Amino acid sequence: MLRPVALCGGLFLAAATFAAGDDGGSARQLEFVPPPAGSYRLEHIMPAPDGTVLDSDDQAKPLARFTTGKVTVLSFMYTSCSDVWGCPFAYQVIQELKKSLDRETGLLPHLRFVSLSFDPDHDTPEAMRLYGGSHMAGTGGLPWYFLTTPSPKELRPMLEGFGQDLSVVLDDNGKSTGSLSHVLKVFLIDRRGSIREIYTTSFLLPQVVLNDIRTLLIEQGISAN
């Protein structure tokens with residue numbers, strides 16, 4: 001069975017209802033039972049692009065180091081995002097996924113999470129390290145990397161390669177407000193660096209993503225048992 005891909009501007013399922021309130025993910029309710037992991041196939045959408053990123057120790061490394069070799073959940077974000085349904089919501093969902101997967105120690109060598117800033121002018125490696133806090137790779141459990149780029153110049157080809165839109169929000173006088181406009185996208189990437197699913201807000205639900213992760217692991221012959 002093929003699952004519809006959650007592409008921005010394309011076909012995606014209305015996976016949840018939105019209740020009144022400002023409490024992020026707690027205001028969403030799953031309205032369907034996701035198909036069991038391994039009962040469907042995730043198609044190859046496109047290869048994940050490469051580029052130069054900076055890790056939390058300010059070391060330049062190829063992005064491919066963080067998108068190949070393991071099943072990867074990658075989200076674009078910026079630390080000053082104030083949209084409840086934007087970066088903070090993605091952070092919450094990924095945090096929930098990490099909490100669930102940390103208990104399955106047999107799977108951890110095959111998984112990673114990546115948060116990549118698209119605001120390198122402000123999100124320095126130090127800022128990303130503070131943002132990641134106790135969730136950062138090396139602090140235990142599933143490794144979660146918090147990355148930025150040397151400059152917008154290095155970032156731009158990666159945004160284009162992922163199809164991640166981004167624009168600066170201007171005030172009435174045409175000056176930057178310091179906010180960025182973007183559609184929330186989270187990418188599921190297999191160990192060969194192929195993007196297999198793209199989640200927008202409507203489909204970014206922990207159980208859905210977890211089943212998709214398990215489906216890719218089953219495809220590789222890996223299970224929790």
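These points walk through a predicted model of one protein, from its overall make-up to a few individual residues.

1. Overall make-up. The protein contains four helices and 12 strands, and of its 225 residues, 47% are buried. Among contacts with a separation of 6 or more, 71% are between residues 24 or more positions apart. The protein exposes about 10,500 Å², and carbon and sulfur atoms supply 52% of that area.

2. The nonpolar core. The largest nonpolar core has 56 residues, and those touching the most other members are Phe76, Phe113, Phe162, Leu204 and Ile213. At least two residues of this core come from each of β6, α1, β7, β8, α3 (152–162), β11 (186–189), β12 (194–199) and α4 (206–219). Helix α1 gives the most, with eight residues.

3. Strand β7 and its partners. Strand β7 pairs with β6 in the parallel sense over seven bridges, and the bridge partner of Val71 in β7 is Leu111. Strand β8 also runs parallel to β7, joined to it by four bridges, and there Tyr145 is the bridge partner of Val114. Together with α1, the strands β6 and β7 make a right-handed β-α-β unit.

4. The two faces of β7. In a regular strand, side chains alternate between the two faces of the sheet. In β7, Leu111, Phe113, Ser115 and Ser117 point one way, whereas Arg112, Val114 and Leu116 point the other way, and all are buried. The strand is thus mostly covered, with seven of its seven residues buried.

5. Phe113. Which residues does Phe113 contact, leaving aside its neighbours within four places in sequence? Phe113 is in contact with Val73, Ile94, Leu97, Lys98, Leu101, Leu142, Pro143, Trp144, Tyr145 and Ile213. Phe113 is also among the residues that touch the most other members of the largest nonpolar core, as is its contact Ile213.

6. Helix α2. Within α2, which covers residues 125–132, the buried residues are Pro125, Met128 and Gly132. Seen down the helix axis, these buried residues fall within an arc of 60°, and they therefore line one face of α2. Glu126 and Leu130, on the other side of α2, are exposed. Just after the helix, Gly133 takes a positive phi of about 55°.

7. Ser56. This residue lies in the loop between β4 and β5 (60–62). Is Ser56 buried or exposed? Its relative accessible area is 11%, and buried means under 20%, so Ser56 counts as buried. Not counting residues up to four places away in sequence, Ser56 touches Pro125, Arg129, Met136 and Phe146; of these, Pro125 is one of the buried residues of α2.

8. Thr215. Found in helix α4, Thr215 has a relative accessible area of 4% and is buried. Leaving out residues up to four places away in sequence, Thr215 touches Ala37, Gly38 and Tyr40. The C-alpha atoms of Thr215 and Arg41 are separated by 7.4 Å, although these two residues are 174 residues apart along the chain.

Note on methods
Residues are numbered from 1 along each chain as its sequence is written. This is a predicted model: local features need pLDDT of at least 70, side-chain atom pairs count only at pLDDT 80 or more; totals for chains, interfaces and linings use all residues. Side-chain values use heavy atoms; hydrogens and water are left out. Buried means under 20% relative accessible area, exposed over 50%, partly exposed in between (1.4 Å probe, protein chains only). The arc is that of the directions from the helix axis to the C-beta atoms. Two strands pair if DSSP finds at least two bridges between them. A crossover is right-handed if, with the strands pointing away from the viewer, the path from the first strand over the helix to the second runs clockwise. A nonpolar core is a set of buried Ala, Val, Leu, Ile, Met, Phe, Trp, Tyr and Cys residues joined through side-chain atoms within 4.5 Å. Contact means heavy atoms within 4.5 Å. Accessible areas come from the Shrake-Rupley method with a 1.4 Å probe; for residues, only the protein chains shown count as cover.
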